[in-house]
Amino acid sequence: LKPTGTGGTLCADLWIAWLLKNRPGGIMWIWNVEAVGTMHLEERFWPLVENSPILSDLQSDNRDECRTKERKFKTGTWLRMNPATEKRLQARHVPYVASDEVWQWDSGRMRDAESRTGAFREAGLAKMLNVSQAGDVGGEWHTRCMASERFDFHVPCLTCGAFFWPCLEEKVAGKSVYRCKWENVGADETKNER
């Protein structure tokens, strides 16, 4: 759960890249809209794989196994991109599921995505990464966030080393402004903003 434009999908990119090298097994990457997922793979993820000597060497040599929405690796891993539709979340079981912008999904789709880990979950081998901005209070995404393990990320000041929370402020002159506030904000808040 994170604000927009703060690297959530990048976290999924890096997690999936790490899985490809270190944890062979089927990976399903679920997007709210198929066209958005396809564009992300074409513009960001496959170039990341192809420009990494470690990952590019793992790709299948069979060009028929290297398609835009799915790709096979020499470890036997298949990475498949699926849209978050009921029909597309009913077929395969995989140990790893990454989900993007789940706040936009229809009710019940998160349950369907989690069910794709099936027997792997029962054996304690399944991992699921959900990345999204906030949704409606009481909705499926909100309920899962509140029931899950959560962490607040703090960033160290490059000058003094003290930790602070990155906070997303409202629009200023029509633009989103990121302003980091110290945990120990005193009476004079303007001095504590960086």
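Predicted model: local features only at pLDDT ≥ 70, side-chain atom pairs only at ≥ 80, totals over all residues.
1. Overall composition. The chain contains seven helices and eight strands. Of its 194 residues, 34% count as buried.

2. Contacts along the sequence. Among contacts in the chain with a separation of 6 or more, 55% are made by residues 24 or more positions apart.

3. Length of helix α1. Helix α1 covers residues 8-22, which is 15 residues. At 1.5 Å a residue it should span 21 Å, and because its end C-alpha atoms are 21 Å apart, the model agrees with that expectation.

4. Burial of helix α1. The buried residues of α1 are Gly8, Thr9, Ala12, Asp13, Ile16, Ala17, Leu19 and Leu20. What covers them includes the helices α2 (34-50) and α3 (53-56). The cover also includes the strands β1 (27-31), β3 (78-83), β4 (96-100) and β5 (127-131).

5. Position of Asp112. This residue belongs to helix α4, which runs over residues 109-115. Is Asp112 buried or exposed? Its relative accessibility is 8%, and buried means under 20%, so Asp112 counts as buried.

6. Surroundings of Asp112. The side chain of Asp112 forms a polar contact of 2.8 Å with the side chain of Arg109. When residues up to four places away in sequence are set aside, Asp112 touches Glu86, Leu89 and Gln90.

Technical notes:
Residues numbered from 1 in each chain as written. Heavy atoms only, no water. Helix = DSSP H or I, 4+ residues; strand = E, 2+ residues; numbered from the N terminus. Buried < 20%, exposed > 50% of the residue type's maximum accessible area, 1.4 Å probe, protein only. Polar contact = N/O pair within 3.5 Å; in protein donor to acceptor, adjacent residues only side chain to side chain. Contact = heavy atoms within 4.5 Å. Expected span 1.5 Å × (residues − 1).
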